[in-house]
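Please look at the sequence and the three-dimensional structure shown here, and keep both at hand while reading the report that follows.

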Amino acid sequence: MAILKRALTLAPRLAAADGGADAVLAAGLRPDRVVGDMDSLSPEARAAFADVLHPIAEQDSTDFGKALRTSTAPWMLGVGFLGARLDHTLACLTELAVSRAPCVLLSGSDCVCILPPRLRLDLPLGSRVSLWPLGPARGRSIGLNWPVDGLEMAPYGRVGTSNRSNAPRIEIAFEGAPVALLLDQNVLESLLVGLGFHPRPEGEGGL
């Protein structure tokens with residue numbers, strides 16, 4: 001719950017995706033809304049949050065995807081979507097890539113987003129900068145230990161795991177398929193600023 005509480009200091013409106021409402025209930029918190037097909041929601045959470053349930057019955061998207069497309073927040077932080085199950089993590093990356101929703105996923109070790117066409121980011125020297133293409137993509141970079149200029153990247157070919165910053169400001173631009181950016185969670189605030197997601201009351205945290 002420490003990660004969720006950190007997220008809520010930056011994006012204080014709380015949404016829960018289906019069974020995530022049980023974790024919210026266990027933490028003694030109250031969501032503004034609970035979104036999903038409600039197939040994993042406990043009777044206790046269903047009763048406690050009956051007035052903020054937003055059921056969506058279709059099965060063609062994940063509960064995370066349902067939460068993304070129904071949010072009115074200008075940007076979002078997602079907690080609980082990384083690490084517990086690899087298939088769920090991959091599905092969440094797909095949802096972000098397809099929707100291009102303004103969302104950063106946060107765990108105890110990582111913060112993850114889909115790169116915009118160009119990103120300028122202030123980071124401590126030596127910060128981990130991993131790039132994971134979700135399809136064929138070509139990039140350019142300034143301030144990375146191993147530049148990506150001219151490289152043809154793809155999930156079944158060259159990827160950018162464990163690159164490092166070697167300047168106080170990096171610049172990355174990609175064209176082609178979406179590319180996921182994975183950074184250490186301790187640079188979350190810098191990432192939000194670089195993306196233009198300045199912490200403000202309208203930001204939405206979710207579980």
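## The largest pocket

The largest pocket of this predicted model has a volume of about 540 Å³. On a 1 Å grid over the protein atoms alone, a pocket is an open set of points where a 1.4 Å probe fits, with protein on both sides within 12 Å along at least five of seven lines, and lining residues have an atom within 4 Å of a point. The grid points are joined across faces, edges and corners, and a volume is the space filled by probe spheres set on the points.

There are 24 residues in the lining of the largest pocket, and those nearest its centre are T62, D63, F64, F81 and H88. Helix 4 (63-70) and helix 5 (86-99) each supply at least two residues of this lining, and helix 5 gives the most, with 4 residues. Here helices (H or I, at least four residues) and strands (E, at least two) are DSSP runs, numbered from the N terminus. By residue type, the lining of the largest pocket divides into 8 nonpolar, 9 polar and 7 charged residues, where Ala, Val, Leu, Ile, Met, Phe, Trp, Tyr, Cys and Pro count as nonpolar, Asp, Glu, Lys and Arg as charged, and the others, Gly among them, as polar.

## The second largest pocket

The second largest pocket has a volume of about 220 Å³. It is lined by 13 residues, of which T89, L93, V112, W132 and L182 are the closest to its centre. Two or more lining residues come from each of helix 5, strand 6 (110-114), strand 8 (128-133) and strand 13 (179-184), and helix 5 gives the most to this lining, with 4 residues. The lining of the second largest pocket consists of 9 nonpolar, 3 polar and 1 charged residues.

Helix 4 is largely enclosed by the rest of the structure, because 6 of its 8 residues are buried, where buried means under 20% relative accessible area, exposed over 50%, and partly exposed in between (1.4 Å probe, protein chains only). The buried residues of helix 4 are D63, F64, G65, K66, A67 and L68. They pack against strand 1 (13-17), strand 2 (33-36), strand 4 (76-79), helix 5 and strand 5, with contact meaning heavy atoms within 4.5 Å.

## Aromatic pairs

Rings of Phe, Tyr and Trp (its six-membered ring) pair if their centres lie within 6.5 Å, and planes under 30 degrees apart count as stacked, over 60 as edge-to-face and the rest as tilted. By this rule there are 2 aromatic pairs. F64 and F81 form a tilted pair, with 4.5 Å from centre to centre and 45 degrees between the planes. Since F64 lies in helix 4 and F81 in the loop between strand 4 and helix 5, the pair ties together parts that are 17 residues apart in sequence. Both F64 and F81 are buried.

W75 and F197 form a stacked pair, with 5.9 Å from centre to centre and 5 degrees between the planes. Both W75 and F197 are buried.

## Residues with positive phi

Most residues other than glycine have a negative phi. R100, although not a glycine, has a positive phi of about 55 degrees, and R100 is found in the loop between helix 5 and strand 5 (103-106). S162, in strand 11 (residues 160-164), has a positive phi near 60 degrees.

Residues are numbered from 1 along each chain as its sequence is written, and side-chain values use heavy atoms, with hydrogens and water left out. In this predicted model, local features need pLDDT of at least 70 and side-chain atom pairs count only at pLDDT 80 or more, while totals for chains, interfaces and linings use all residues.
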